[in-house]
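Good morning, everyone. Please have a look at the sequence and the structure, and then I will walk you through a few places.

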Amino acid sequence: MGTVLQTIEAAKGSGRKQLAVLIDPDMGADQALLERTVQNACMAKADMIFVGGSLLTTAAFDHCVELVKRWSDRPVVLFPGSPAQLSRHADAVLFLSLISGRNPELLIGHHVTAAPTVRAMGLEAIPTGYMLVDNGRPTTVSYVSQTLPIPHDKPGIAACTALAGELLGLRTIYMDTGSGAQRTVHPAMVAAVRQAVDLPIIVGGGIRDTASARSLCEAGADVLVIGTAFEEDPERIFHMSEAIHG
Ligand code: 1GP
């Protein structure tokens, strides 16, 4: 079996869209709920499980990742909101650089802090250009990161930003309107980024229905990340998975 990045690239190459279920590490406080969510993700044939969040209110991050790994046979990928969100129980970490923003700590600072730990844990690091996109109101991630998101209706800015990330050697682009967002990234913006770069494109934030999942995939998204919709309605994961996998 190859690395998680190789799996994502192979799926992209064959046109197979992927579903990543995002688990908020605070869910670890309710182990029964966490176990149910992980089991649902596996039964619904989610391709990966992402664990992370921009703001944690509980301290049991490592234990949460350990439980997710124990209960699932899918790759567990960290989507860290801070260098504290690392765990040797995961398979990989999205080594995120917030390229839509101009906060040096999130472009390189936290990476310097986290790099020795990532190496010591033996985690696969997936160099990822993270682009925050405006969804009409501030989200936790825009507030916590103290960065300005890319305007929702400016696909050109997103395309140039993604291209810069590709030229810098990043391996995936993650476009996000933030957890629980009122609207998703506009498919036209995904299409513009698809035109600009050949990297796998991950899209998340506010995906709640099969129609928007399909239109994001058609626009060129390779991986859809869904969290809030499954927390609100766990059954929805089965419909969304079908819509994404076709
Ligand atoms: C947030 O992309 C993720 O960073 C998922 O968002 O919780 O809105 O699905 P949702």
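**Around the ligand**

Let's begin with Asp176, which is found in strand β6. Strands here are DSSP runs of E with at least two residues, helices are runs of H or I with at least four, and both are numbered from the N terminus. A word on the source: this is a predicted model, where local features need pLDDT of at least 70, side-chain atom pairs count only at pLDDT 80 or more, and totals for chains, interfaces and linings use all residues. Residues are numbered from 1 along each chain as its sequence is written, and side-chain values use heavy atoms, with hydrogens and water left out.

Is Asp176 buried or exposed? Asp176 counts as buried, because its relative accessibility is 5%. The cut-offs are these: buried is under 20% relative accessible area, exposed is over 50%, and partly exposed is in between, with a 1.4 Å probe and protein chains only. Asp176 also has a partner from elsewhere in the sequence. Val203 is 27 residues away along the chain, yet the two C-alpha atoms are 5.8 Å apart.

Now the ligand. How many residues surround the ligand? The count is 14, and the closest are Asp176, Ser179, Gly180, Gly227 and Thr228. To be counted as near, a residue needs a heavy atom within 4 Å of the molecule.

Next, the polar contacts. That term means a pair of N or O atoms within 3.5 Å; within protein, one must be able to donate a hydrogen and the other to accept it, and residues adjacent in sequence count only if both atoms are side-chain atoms. Asp176 places a polar side-chain atom 2.5 Å from a ligand oxygen. For Ser179, a side-chain N or O atom is 2.7 Å from an oxygen of the ligand. Gly206 uses its backbone: an N or O atom there lies 2.8 Å from a ligand oxygen.

Which elements give two or more residues to the shell around the ligand? They are β6, residues 172-176, and β8, residues 223-226. By class, that shell has 5 nonpolar, 8 polar and 1 charged residues. Nonpolar covers Ala, Val, Leu, Ile, Met, Phe, Trp, Tyr, Cys and Pro; charged covers Asp, Glu, Lys and Arg; the others, Gly among them, are polar.

**Two positive phi angles**

On to the backbone. Most residues other than glycine have a negative phi. Lys45 is not a glycine, yet its phi is positive, about 65 degrees. Lys45 sits in the loop between α2 (31-43) and β2 (48-51). Lys45 is exposed, because its relative accessible area is 57%.

Gln146 is another case. Its phi is positive at about 55 degrees, and Gln146 is not a glycine. Look in the loop between α5 (140-145) and α6 (155-167). Gln146 has 60% relative accessibility, so it counts as exposed.

Ser72 is in the loop between α3 (61-71) and β3 (76-78). Its relative accessible area is 9%, so Ser72 is buried. A polar atom of the Ser72 side chain lies 3.5 Å from the backbone nitrogen of Arg74.

His186 is in the loop between β6 and α7 (187-196). With 39% relative accessibility, His186 counts as partly exposed. A polar side-chain atom of His186 lies 2.9 Å from the backbone nitrogen of Ala188.

Pro25 belongs to the loop between β1 (18-23) and α2. Pro25 counts as buried, because its relative accessibility is 2%. What separates Pro25 from Phe61? Along the chain it is 36 residues; between C-alpha atoms it is 5.8 Å.

Last stop: Leu132, in strand β5, residues 124-132. Leu132 has 1% relative accessibility, so it counts as buried. Leu132 and Phe61 are 71 residues apart in sequence, and their C-alpha atoms are 24 Å apart.
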